[in-house]
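Here is a short briefing on the model below.

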Amino acid sequence: MTAPLLAVEGLHIEAGDRVLLEGLSFAVAAGERLAIVGESGSGKTLATRAIPGLLAPGLRRAGGTIRFDGRELTALSEAELRGVRGAGVGLVFQEPMTSLNPALTIGVQLAEGLKLHRGLDDAEIRRRSLDMLRRVQIADPEGCLARYPHEFSGGMRQRIMLASVLLLQPRLLIADEPTTALDTLSQREVLRLMVTLTQEMGTALLLITHDLGLVAEYTERVIVLEKGVLVEAGETAEVLARPKHPYTAKLVGSLPHKQGDRAAIASDAPVLLRIDGARVDYPGKPGLFRAGAPKRVIDDVTLDVRAGEIVALVGASGSGKTTLGRATLGLKPLAGGRILFDGEDIAAPGRARERAFRRDAQLVFQDPFSSLPPHWRIGAIVGAALRHVPGLSADERRERVRATLDDVGLAGFEDRRPHQMSGGQRQRVAIARAIVSQPRLIVADEPVSALDVTIQLQVLTLLQRLQRDRGFACLFITHDLAVVEQIADRVIVLAQGRIVEQGSTDAVFAAPEHDYTRRLLAASPALTGAMAGAAPGR
Amino acid sequence: MIAYILRRLLLAIPTLFIVALMVFFLVRLIPGDPAQVMLGEGADPAALAALHAELGLDKPVYVQFATWLGHVFTGDLGTSITTGEPVATLLLTRAGTTGVVVLVSVGLATLIAIVAGTVAAWRRGSGLDLAVMGGASLILAVPSFWLGLLLLLVFGVWLRWLPVVGYIPFSEDPWGAMLFLILPIATLTISESGVLIRMMRSSAIDVLRLDYVTHARAKGLAERTVLARHVFPNAFAPTLTLVGLTLGRLFGGIAVIETVFTLPGLGRLMVTGVLSRDYPVVQGCLLFTAVIYVLVNLAVDLLYPLFDPRVTVE
Amino acid sequence: MPMRKAIAGLIAVAAVVGVGAALLHPKPTTPAGSVLRSRLNADIASSDPGMKRDANTDAVLLHVTEGLVAVREDGSVGPMLANSWTVSPDGRTYRFTLRQGIRFHNGAPLTSADVKWSLDRYLAPGSRWRCKPDLSAGGIAAVTAVDTPDPATVEIVLDRPAPLFLATLARVDCGSTAITHRDSVGPDGQWRYPIGTGPFRWGEWRHNQYIDLIRYAGYRPLPGGPNGNGGGKRALVDRLRFTVIPDGSAASAALLRGSLDVLDALAPNELGTITGAPGIKLDSARSSDFYGILIQSGAPVLRDVRMRRALSLSLDVAALTRVVTHGTGVPDSSPIPAVDSFYGPAERPLVKRDLAAARALVAASGYRGEPIELLTSHSPPEFYDAAILVQAMARDAGINIRVVDLDWASHLARYSSGDYQAMMFGFSARLDPSQMFGVLIGDRATDPRKVWNSPAAIDLLHQSVVTGDRAARQQVFDALDARFRAEVPAIALYNTRRVTALRAPVTGYRSWSAQTQRLWNVGLRNVR
Amino acid sequence: MRRSLHTLLGFGLVGALVVVVLVGLIWLPYDPLTIDLDHTLAPPSLAHWLGTDEFGRDVAARAMLGARISLSIAIETVAIAVVAGTALGLVAGFLRGWTERVLMTFSDALLAFPGILLALALVAVLGSSRHSIVIALAIAYLPATIRVVRGAVISIREREYVEASRVAGDGVVYTMVRHVLPNALPPILVLATSLFGWVVLSESALSFLGVGVPPPLPTWGNMLASARPYMYDASWLSIAPGLCIVATLLGVNMLGDALRDRLDPREAS
């Protein structure tokens with residue numbers, strides 16, 4: 001075996017006196033695709049920033065060697081390192097919204113590296129840029145060069161990013177969670193492109209991710225990091241099928257999957273929520289004397305949710321699913337149609353009716369960091385939902401809060417504040433707040449997508465158990481089909497503000513009717529397929 | 001674009017009207033009588049009454065307001081009670097002086113802030129950063145007139161390098177005029193650079209954290225290029241807003257500096273206007289500075305997309 | 001890219017500024033010929049003498065225009081445009097003979113018609129001439145006719161005899177009753193600029209910046225040396241520039257820097273800066289002015305004459321004067337200025353500080369520490385300092401004074417309305433004690449500015465103006481002074497000393513008690 | 001590490017200032033109001049550490065009393081501006097719509113007024129007293145406060161916990177006071193420290209223009225203003241109050257920076 005392209009030995013990274021990465025060693029051969037897997041805080045991003053010498057201020061490489069293409073990078077001067085960056089090692093970042101400079105045109109940003117490392121003339125730079133934009137499947141490469149990053153969607157930007165890095169034909173491409181911020185459809189397309197192009201160019205790929213589905217589908221080898229320590233390494237299929245380390249096993253086991261059949265909802269169960277021809281508009285840009293034409297984000301949506309039913313609302317970003325969720329709770333005014341809760345229009349006036357509705361319909365947010373008031377104690381946050389429940393004494397209220405926290409597994413957390421808790425715990429608090437008033441409907445807006453995989457499973461399981469115990473109906477908004485399959489009775493697919501398909505989960509997954517649904521299903525990471533028999537039984 | 005400018009100007013009308021109204025009644029609330037000030041301690045009551053009638057000060061205040069506002073719409077700001085000059089002429093000549101001082105100072109202060117702020121952010125936590133921030137904090141703590149007096153003492157009186165008082169209009173002798181303006185401009189540049197440096201540094205720190213800066217470095221770009229091309233344009237946008245606010249504020253607010261250096265500027269015109277109860281002058285000045293304020297803010301908003309293309313003016 | 005441009009721009013500007021500062025000596029824009037540069041603390045009010053005026057206006061215009069008569073150094077009246085005059089036996093007709101060969105700045109010869117035209121303009125209905133009230137029915141005498149029997153003779157007829165008529169014509173604040181050419185007024189009836197007969201003609205007026213006057217080559221001086229505003233005046237420099245510098249410190253700095261030749265009316269607190277500076281000399285004269293405390297004798301607390309006396313006795317006038325005027329002023333407990341020829345043995349004694357007597361008076365009046373408002377302002381700065389000292393000194397006698405600091409306009413407004421308990425105030429130079437007493441004495445009902453409305457005082461003041469006899473007038477003034485000290489309608493504190501700082505090359509400058517800077521007969525050695 | 005040096009220096013300066021004020025409450029080297037016409041403009045000596053002024057008053061004693069007055073003016077002004085500005089900014093930012101438009105039009109109009117001139121005119125109207133200076137400066141700085149608070153509130157009102165409060169059925173006032181206000185406090189506190197510095201400077205500028213705190217009470221501003229004529233030959237008169245202002249502002253600004261760093265989550269670590 002020839003010398004690897006990249007060989008990292010005993011890499012040690014510290015911040016002050018905290019050790020963030022402890023003796024990491026791995027190697028990447030030329031043209032190979034290696035995945036680094038780990039949850040947030042595992043140090044996987046640090047490892048990759050250390051390779052081209054781009055650690056953030058305050059972080060220190062305390063030891064270890066990095067050999068790249070026959071050179072010891074840690075021994076190079078800053079100027080020599082600059083020669084390696086871009087030309088030898090390319091980096092693609094997670095967040096397409098901030099990884100391109102908003103003040104410069106795409107053309108300028110593409111040209112920068114070429115001018116620096118290859119010293120080409122303008123015409124040649126332009127030719128190569130256009131060619132590369134075509135290869136990453138940008139629709140109008142000519143026009144693209146003169147435009148600014150904000151004029152593109154996330155998926156398009158990530159392609160441009162990819163183009164800008166690959167233009168220099170680096171020997172190694174480090175992609176740090178390159179698709180995490182993208183919706184399912186773009187995710188697949190961008191990764192496909194990345195794999196195809198690196199294969200064509202013979203570029204090695206170092207893919208950093210937390211998503212085992214992507215690892216299974218796109219990489220050859222994988223290493224697993226836990227809290228700065230490498231716990232397992234090997235062939236991808238082997239590691240995922242037969243994880244040796246308990247942490248790897250836990251990761252693999254945390255993937256959402258269907259767990260037998262739920263008891264079907266009685267077809268005569270009463271309709272709790274009826275959305276009838278709902279339309280929601282966003283105001284247009286202000287004109288000289290009056291606002292411009294409004295933009296329609298929800299168009300003529302009609303759906304029912306029965307008591308005790310879990311309905312998944314699925315769609316790509318921008319499909320209007322979050323807006324519909326907010327409108328359901330009366331938080332966004334309707335431009336047309338009605339929303340009936342228990343047969344009553346929620347927009348009808350009446351303070352008493354509104355209070356009753358607020359008790360009966362609750363919301364769980366996506367981001368547990370911003371949905372809890374940071375200065376409140378947990379007991380108060382949960383208790384606040386009981387302010388409008390009539391006839392509760394202070395003691396009863398305290399007792400209800402205690403019991404609910406108990407129920408979500410946070411017994412005795414009343415006096416803590418949100419910042420003293422982990423993301424998973426916070427989401428439990430958010431759930432406790434939603435259920436403490438014993439509502440009959442909960443709208444859950446991507447409740448697990450901001451959490452690490454292992455935590456995702458715990459929270460989903462909790463939600464499922466609570467729903468079984470308490471019997472509330474749930475409108476579950478998500479972009480993750482695996483999650484849908486795990487918990488939903490029925491699925492509604494939303495695209496561009498309209499319902500394109502709905503039906504029982506099994507039916508839709510088995511035989512999707514609409515093209516969009518089919519693409520969505522196809523784009524879902526295919527771990528389940530690859531590992532069907534291998535997942536540890538539960 | 002033009003529609004946007006028109007809309008902004010239309011929206012400014014209520015603001016300007018309120019300014020006009022507030023000024024008009026405020027100056028009349030101040031005890032004291034312009035006629036009295038003009039005629040001095042030995043004035044004859046009959047002459048006083050005659051002057052009142054001549055100045056229209058004997059009419060009810062709301063009538064005076066309506067008359068004045070009517071004239072303003074025809075472009076006539078009235079005449080100064082004390083000097084008898086048209087207020088518009090006074091304003092234009094005075095605004096020139098103030099304008100030169102303010103624009104040059106703010107321009108220089110902005111350049112200093114861009115360089116010092118970016119470099120301090122880049123070497124955050126270093127001795128250089130500490131020195132820049134220490135300097136900026138010190139500047140923020142020094143009363144500008146005190147600074148002016150110190151500079152006057154050192155450069156004008158001790159070293160005798162620069163003239164101490166007086167003013168030559170640019171039209172007569174630009175070089176000579178510049179000499180008279182060096183000290184006021186230096187004072188204002190120093191005292192305004194403090195807050196701009198801090199602003200520039202803090203937004204440059206924000207930008208330096210962003211992925212595209214790392215991306216630029218990952219391309220192998222030199223630090224100088226990274227700072228100039230990737231950090232500066234994005235970090236400058238918030239500072240630009242502050243520059244606009246500063247300009248708007250200073251156009252009416254360098255009375256203190258103008259007093260120290262005896263520059264015939266807008267600020268001093270306003271202060272003497274208030275002190276001598278020269279109503280038309282005070283009204284004209286404040287309306288003028290309010291208009292400038294609106295225009296400067298509009299200009300900043302129009303410039304903003306140059307530095308942040310995500311923001312469009314439409 | 002923008003960064004690089006910005007840095008380049010910064011360097012360019014810095015370089016320009018730096019080179020400019022280092023290499024170029026400041027060169028003030030000096031027109032050809034010799035220029036004498038003086039300072040005004042505020043712009044002039046107009047160029048129309050006596051019409052729309054203040055002290056600065058008067059001072060500047062005295063260089064450009066002249067009247068029939070002019071006030072002399074000792075306060076008496078001497079010839080100016082009129083060579084001589086006679087008064088009819090009934091004291092009502094004044095006959096002036098004009099000097100021969102006088103020409104206006106525009107070349108036109110001076111005739112009696114010009115005098116009549118000027119006087120008629122001053123006395124016309126609607127005119128705002130400062131001395132019109134004095135020469136009307138309610139004043140010292142009304143002018144009933146101005147006749148011009150021949151081009152060199154003017155006859156002015158009054159409705160009653162008026163010993164102060166000539167002094168009034170010569171008054172500085174009346175613009176010396178300047179005789180100007182009719183072309184000074186445009187065809188539209190609006191004043192253009194003064195075409196007078198003075199040693200300098202009107203040059204350029206840059207509002208709030210400077211006034212330039214130009215030497216009048218055709219000037220015919222009276223024989224002899226200058227005397228007051230009259231006498232033999234000569235223009236010794238080609239151009240006078242009065243620069244407007246409101247700020248006192250800035251003006252001192254300008255003088256030290258050499259941007260000014262004459263700095264008149266130096267603020268006392270600037271003296272320390274100027275005194276002893278190389279190349280600077282000082283000239284000064286005591287002013288015939290009045291600085292003191294005006295008291296509303298009808299106001300709460302102070303309506304009790306014992307409290308007014310107590311206040312007066314609590315003050316150490318000499319120390320106060322020394323500190324406030326930085327040793328330049330003259331303590332003076334009488335309204336009559338110390339330089340005045342009527343200032344005699346009766347007026348000379350200062351009110352001595354006597355805390356025991358003051359406390360006794362306070363106790364007797366039953367005063368219980370109610371605050372007394374003393375209004376003051378910063379125009380001039382001495383008011384403010386004096387108020388603080390009065391406050392501190394009165395505190396020793398158990399009098400509780402609250403100093404209220406106003407801006408000058410408010411201060412003046414309160415003076416005019418009489419709406420105050422006590423205030424610091426000053427009156428500019430008055431060349432006759434009748435005028436000085438006149439600003440204090442009067443019927444408060446018709447003129448709220450007057451602080452002294454006792455009938456006896458009003459009567460005495462009247463006596464002082466109807467007689468021209470010196471001894472008789474001295475007696476009247478002595479009596480007024482005695483009453484003033486007894487009734488305390490105001491507390492006289494000091495007369496100022498007008499200090500003028502000059503650069504060494506300036507020759508011939510003479511200060512005088514009338515408080516105006518006179519730049520005729522002033523020259524520059526080694527003319528640049 | 002250097003950051004904490006800044007903070008330490010800030011605490012040190014402000015602490016020293018507080019000590020001076022506190023000591024001044026019980027002891028002053030001389031009566032700061034008593035004049036001594038035999039010892040005017042005395043340079044610093046053992047008897048008068050910082051010399052005497054033009055009336056022979058002890059500069060050290062006046063600077064100590066001036067500290068109390070200057071600082072109390074600044075504190076009162078900041079308190080009024082911040083309380084009123086917070087209330088108005090909260091209402092404007094949270095309710096939006098017409099309320100906001102009307103409030104912001106007025107605040108813009110005030111902002112378009114040169115602040116120092118507004119204060120000058122207001123002091124002229126109200127008469128020169130400590131209270132009018134406090135009121136005038138508070139009004140002059142009100143629009144800036146409204147803007148900052150409104151900006152903070154607008155971003156806070158979009159946070160999900162505010163929406164959560166709405167989902168829970170809470171009323172507008174309750175949400176504003178319990179959820180929005182506490183989270184708007186950090187920027188308000190930081191603003192208050194900057195405001196403090198500006199007010200101290202403005203007070204001295206007003207004194208310089210001749211409308212300061214009425215005599216005989218000293219403030220640093222009016223001490224500096226009245227020392228101006230003696231700049232050349234009695235420089236100690238302007239140095240003491242000038243340095244007091246500089247030291248105070250340095251201290252307060254450094255504390256403000258420290259506060260900003262603590263309150264800004266991005267600065268953590």
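Predicted model: local features only at pLDDT ≥ 70, side-chain atom pairs only at ≥ 80, totals over all residues.

Residues are numbered from 1 along each chain as its sequence is written, while chains are lettered from A and ligands numbered from 1 in the order in which they are written.

**Chain D**
- Chain D has nine helices and zero strands (DSSP runs numbered from the N terminus: H or I of at least four residues for helices, E of at least two for strands).
- From the N terminus, its elements read α-α-α-α-α-α-α-α-α.
- Its C-alpha atoms fill a box of roughly 75 × 50 × 30 Å along the principal axes.
- Among contacts between residues at least 6 apart in sequence, 68% join residues at least 24 apart (a contact puts two C-beta atoms, placed from the backbone, within 7 Å).

**Nonpolar cores**
- A nonpolar core is a set of buried Ala, Val, Leu, Ile, Met, Phe, Trp, Tyr and Cys residues joined through C-beta atoms within 7 Å.
- The largest core has 424 residues, and those touching the most other members include A:Phe476, D:Leu120 and D:Tyr141.
- Helix H2 (residues 59-95) of chain D gives this core its largest share, 17 residues.
- Beyond its neighbours within four places in sequence, A:Phe476 contacts residues including A:Ile310, A:Leu313 and A:Ile487.
- A second, separate core of 68 residues includes C:Phe437 and C:Val451.

**Helix H1 of chain B**
- The 28 residues of H1(B) should span 40 Å at 1.5 Å a residue, and its end C-alpha atoms are 40 Å apart, which agrees (the expected span is 1.5 Å times one less than the number of residues).
- H1(B) bends by about 30 degrees at B:Ile13, and B:Pro14 follows within four residues (the bend is the angle between axes fitted to the seven residues ending there and the seven starting there).
- Buried residues of H1(B) include B:Ala12, B:Val19 and B:Phe24.
- Their cover includes helix H13 (279-307) of chain B and helix H3 (97-112) of chain D.

**Interface of chains A and B**
- Here 23 residues of chain B are in contact with 25 residues of chain A.
- On the chain B side, H9(B) gives the most, with six residues.

Methods
Buried ≥ 20, exposed ≤ 12 C-beta atoms within 10 Å, placed from the backbone.
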